[in-house]
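Good morning, colleagues. I would ask you to look at the sequence and the structure together while I speak.

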Amino acid sequence: MSLFGRTATAPNLVVNIEKDVEVAEPPADSISSLSFSPTADFLAVGSWDNNVRMYEVGQNGQAQGKAMYTHQGPVLSVCWNKEGNKVISGGADNTARLFDLSTGQSQQVAQHDAPVKVVRWVETPQGGILATGSWDKTIKYWDLRTPNPVATAQLPERCYTIDVQYPFLVAGTAERHIQIFNLSNPTTPYKTIISPLKWQTRVISCCINSPSPCFAVGSLEGRVAIQFIEDKDSANNYSFRCHRRDQNPTAKDQSIIYAVNDISVNPVHGSVSTCGSDGVVNFWDIYGRTRLKTFDTAPGPISATGFNRNGTLFAYAVSYDWSKGHGGMTRDQPNKIMIHACKEEEVKRRPARK
């Protein structure tokens, strides 16, 4: 019997040379967001079919559906609370919703004047709050015990992405604006910069295991920038090319360039993954400036990624990423969720060169 209302099929255990595991009963439309629980191997998946699905993932990567709830429009972002018992999602219906795994009930917990592009849980010394970034050019902060936002930050443009590594929240907007907030003063930017990348920002992810706070920025141009927050560390800023393919190996500057759709951080080793419209996943040691792993076996763009809580499992969505607009969406576009079992040498940072 199908939990999600469709005929259940057994996962295709061997789908490529990596022997990654395909999740049964994926969404029927584009997959926008993946997020593992911080306390167990439960995976939340947001989709353009208006639904959020939750799967329980075993050690070998096999997964089974556990629950599902619905928005009134496409779901654009999902995250978990600290305890891993609640899923929060934001969508094109201008709302954020919370699903309680213990009760099986969902409720609206946030409202904006435009689609909620991203949701992130923020754990502070005073307790957990929800941050929602919207195309209405605001970030709102919510104490889920009250119906109104506890604070609102005005942005210079539509919010495309946010990420949090306490005490900093970093937001990327249209027109390449990046605003950094110190959450001790969450409505006033601590620092405002223009992205070091020349084209539209797609994703920002805060890095860990760094001696100084920094974040990774991915853009439409097949490039990632590593940006340190404090001016004293600016000499360590750099960018690198990725998700590009040479049209003519003998000619320079003739690469096909693909969008960087997501950047995920391994919670143990601090290495990062990038995925793109080219159907490629890369694992990087961003401090050693080394590529650790590449796999290029997807039959379409990779739209979203995520590591589990101990960095041993990596989920990626093979799905249309809207990088070619509405006209690029065809009926034969795949919608797959794949689980990759990470080997230590794929994600562990390399020893420093002497």
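I shall go from the chain as a whole to its core, a pocket, the charged pairs and some backbone details.

This is a predicted model, in which local features need pLDDT of at least 70 and side-chain atom pairs count only at pLDDT 80 or more, while totals for chains, interfaces and linings use all residues. Residues are numbered from 1 along each chain as its sequence is written, and side-chain values use heavy atoms, with hydrogens and water left out.

The chain contains one helix and 30 strands. Helices (H or I, at least four residues) and strands (E, at least two) are DSSP runs, numbered from the N terminus. Of the 354 residues in the chain, 56% are buried. Buried means under 20% relative accessible area, exposed means over 50%, and partly exposed lies in between, with a 1.4 Å probe and protein chains only. A contact means heavy atoms within 4.5 Å. Among contacts between residues at least 6 apart in sequence, 44% join residues at least 24 apart.

Let me turn to the core. A nonpolar core is a set of buried Ala, Val, Leu, Ile, Met, Phe, Trp, Tyr and Cys residues joined through side-chain atoms within 4.5 Å. In general, nonpolar side chains tend to be buried together in soluble globular proteins. Which members of the largest nonpolar core touch the most other members? They are V224, I226, F240, I263 and I286, out of 17 residues. Two or more residues of this core come from each of β19 (214-219), β20 (223-228), β21 (238-241) and β24 (260-265). Leaving aside residues up to four places away in sequence, I226 touches C214, F215, A216, N237, Y238, F240 and I286.

Next comes a pocket. On a 1 Å grid over the protein atoms alone, a cavity is a set of points where a 1.4 Å probe fits but cannot get out, whereas a pocket is an open set with protein on both sides within 12 Å along at least five of seven lines; lining residues have an atom within 4 Å of a point. Grid points are joined across faces, edges and corners, and a volume is the space filled by probe spheres set on the points. The second largest pocket has a volume of about 380 Å³. It is lined by 22 residues, of which T124, G127, G128, I129 and D143 are the closest to its centre. Strands β10 (116-124) and β11 (127-134) each supply at least two residues of this lining. The lining divides into eleven nonpolar, seven polar and four charged residues. Here Ala, Val, Leu, Ile, Met, Phe, Trp, Tyr, Cys and Pro count as nonpolar, Asp, Glu, Lys and Arg as charged, and the others, Gly among them, as polar.

D143 brings us to the charged pairs. A salt bridge is a side-chain nitrogen of Lys or Arg within 4 Å of a carboxyl oxygen of Asp or Glu. By this rule the count comes to 13 salt bridges. D143 forms one with R145, the closest N and O atoms being 2.8 Å apart. Are these two partners buried or exposed? D143 counts as buried because its relative accessibility is 16%, whereas R145, at 73%, counts as exposed.

D231 forms a salt bridge with K191, with the closest N and O atoms 2.6 Å apart. This pair links distant parts of the chain, 40 residues apart: D231 is in the loop between β20 and β21, and K191 is in strand β17. In a further salt bridge, the side chains of D285 and R349 meet at 3.8 Å, N to O. That pair also links distant parts of the chain, with D285 in strand β26 (residues 281-285) and R349 in the segment after α1 (344-347), 64 residues apart. D285 is buried, with a relative accessible area of 2%, and R349 counts as partly exposed at 30%.

Finally, some backbone details. Most residues other than glycine have a negative phi, and most peptide bonds are trans. A cis peptide bond, with omega about 15°, joins Y166 and P167; P167 is in the loop between β14 (159-165) and β15 (168-173). N94, which is not a glycine, has a positive phi of about 70°, and this residue is found in the loop between β7 (86-91) and β8 (95-100). R289, also not a glycine, has a positive phi of about 55°, and its place is the loop between β26 and β27 (290-295).
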